[in-house]
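I opened this model to look up a few pieces of it. My entries follow in the order in which I made them.

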Amino acid sequence: MMNRLLIGWAEESIVPEKKVSLAGQFFERISEYVESEISVTAMAVEADGNEKMILVSADIINCQDWLIDMVRGKFAEYNTGVDAQKLIIAATHTHTSHLMQPSPNLAKPGLNAATILEEFLPAGKKYTQLVTSGDDVMTPSEAGEFVAERIALAAKRAWENREEALFTNEFGRVSVGMCRRVCYDDGSAQMWGDTNTANFVALEGGNDSGMELLYTFDKNKKLTGVVANITCPAQILEQRSFISADYWGRTKANLREKLGEDIYLLGIAGAAGDQCPRDLVRWVDPETPIDDPNVKRPNLIKRKADPSMYDVSGCNRVGKRIANEIIAVYEEIEDLQDDVIFKHKVFQVDLPLRKATMEEYHHAVRELEYYIDKNKDKEVFNFEDNARMHVHAGTIRRYREQQNMEIVPIEMHVIRFGNISIVTNPFELFLDYGNRIKARSYAEQTFIAQLCCGGLGYLPTEKAEKGSHYSAYISSGWVGHEGGDLLVRKTIEEINDMWKEQ
């Protein structure tokens with residue numbers, strides 16, 4: 001059935017009035033200033049009242065279940081008539097935004113790496129999170145409440161702003177994401193690994209330079225907004241101590257400079273768990289020091305390549321690159337559509353928990369006990385110790401949890417919008433899974449939104465699990481490659497069923 005289309009847009013700033021703890025690293029960072037505005041962008045879609053969707057992109061690290069529940073609860077209070085389950089929230093995965101936690105009355109008891117480290121400490125030793133507090137710093141629970149209110153408000157306003165609309169789906173190509181896992185000749189792999197060594201044999205995976213695009217227009221054919229799906233997280237500035245929307249902020253500024261200040265941009269990260277904005281072969285060092293041993297290059301050779309993808313200079317380059325492609329494609333648009341097949345299905349998928357073996361568990365216990373004994377002169381253990389031991393603490397956590405847990409339920413959305421499909425998952429999903437979905441989808445284009453309606457960590461491939469290291473450790477995510485294969489099959493099945501039904 002072809003349906004008349006209504007679309008509404010809204011944007012809300014999530015820049016706080018105070019300083020905040022910044023999410024995304026194992027060390028504490030407190031925001032020093034606002035480098036670029038972080039925001040929430042919402043697009044509401046309705047077709048003749050029969051089907052509804054509100055798609056939200058938020059400049060945050062991820063969307064934990066408690067945040068989704070909080071947003072939907074606040075949105076329901078607005079009495080819009082829209083089922084809150086049709087509200088989809090995706091994170092851009094910027095590492096220069098709020099560190100959020102649920103308020104104490106919403107927090108669920110459970111294990112984490114820090115509590116396990118604390119448990120292993122002998123009498124007289126203690127663990128501290130070292131989360132800075134004070135009147136000038138917003139607490140993580142205050143940040144969670146603040147961001148939830150703004151997401152719900154943006155969704156409400158987008159729904160209220162619905163009007164007759166036209167659209168077109170288009171395709172662009174822009175180089176942003178590249179594989180960030182390096183393979184060596186002993187079968188191991190390393191996130192951010194050094195390639196300037198004789199042991200380097202390959203990058204573990206490929207990359208996807210394709211950019212799925214959706215342009216919306218009002219009934220007078222004036223551009224109103226753009227949805228851009230790029231296979232790369234927004235983490236150029238991930239190590240810095242300021243608030244920033246990363247490359248999406250630069251892209252939006254460039255678009256508005258060229259196309260008008262009233263243009264909306266809704267950025268979505270595709271299947272990019274093993275992707276980053278950095279070329280690990282043509283390595284360019286950070287302009288200022290980075291406190292991360294994984295990015296140290298002892299045999300640095302100056303390369304003619306992109307500017308540093310740890311700094312504002314690199315962010316500017318990528319933002320300009322994306323905006324230029326969006327504008328170039330826009331200038332070639334010829335045909336617009338005003339009727340659309342629109343379907344939106346939301347459901348639960350049960351995936352198998354990635355389990356730790358007994359051998360892995362006992363190894364983790366030994367390593368954690370050895371680390372504590374080696375540092376027995378320390379009275380206080382902190383986030384630095386947690387960072388060093390999170391792999392082993394995470395393995396211990398998983399082994400304990402799997403005694404009473406085998407299934408990881410996830411929320412999934414599958415949308416048909418004209419000739420495109422939009423599908424969601426709550427993981428940092430490795431690229432190979434996304435490629436398999438896109439290659440077998442009946443849709444003309446398939447938009448994949450990762451870190452969407454949940455935040456369940458990395459979902460690595462079998463090859464990555466064998467290579468190990470961060471992003472492929474048991475502690476890096478809840479689901480392994482068996483679950484990834486199931487996720488691919490279920491996603492393809494649901495997409496293709498929507499095309500068979502017409």
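I began with strand 10 (residues 181–184), which is joined to strand 12 by three bridges, the two running antiparallel. Val 182 has Leu 203 in strand 12 as its bridge partner. I took strands as DSSP runs of E with at least two residues and helices as runs of H or I with at least four, numbered from the N terminus. Two strands pair if DSSP finds at least two bridges between them.

I noted that the model is predicted: local features need pLDDT of at least 70 and side-chain atom pairs count only at pLDDT 80 or more, while totals for chains, interfaces and linings use all residues. Residues are numbered from 1 along each chain as its sequence is written, and side-chain values use heavy atoms, with hydrogens and water left out.

Three strands form it in the order 11-10-12, open and with antiparallel pairing. Its edge strands, each pairing on one side only, are strand 11 (189–191) and strand 12 (200–203). On average, neighbouring strands of this sheet are turned by 30° against each other, direction ignored.

Then I turned to Gln 275, which lies in strand 16 (residues 275–276). Is Gln 275 buried or exposed? Gln 275 counts as buried because its relative accessibility is 0%; buried means under 20% relative accessible area, exposed over 50%, and partly exposed in between, with a 1.4 Å probe and protein chains only. Leaving out residues up to four places away in sequence, Gln 275 touches residues including Cys 179, Arg 180, Asp 208 and Leu 431; contact means heavy atoms within 4.5 Å.

I went on to strand 23 (residues 445–449). Five of its five residues are buried, so strand 23 is largely enclosed by the rest of the structure. Gln 445, Phe 447 and Ala 449 point one way, and Thr 446 and Ile 448 the other way. Strand 21 (residues 420–424) runs parallel to strand 23 and is joined to it by five bridges. Ile 448 in strand 23 is the bridge partner of Val 423.

My last entry is on two helices. At what angle do the axes of helix 4 (residues 246–259) and helix 5 (residues 312–330) cross? They cross at roughly 45° and come within 7 Å; the axes are lines fitted to C-alpha atoms over the stretch in contact, with angles from 0 to 180 degrees between N-to-C directions. Among the residues that meet are Tyr 247 and Arg 250 in helix 4 and Ile 326 and Tyr 330 in helix 5.
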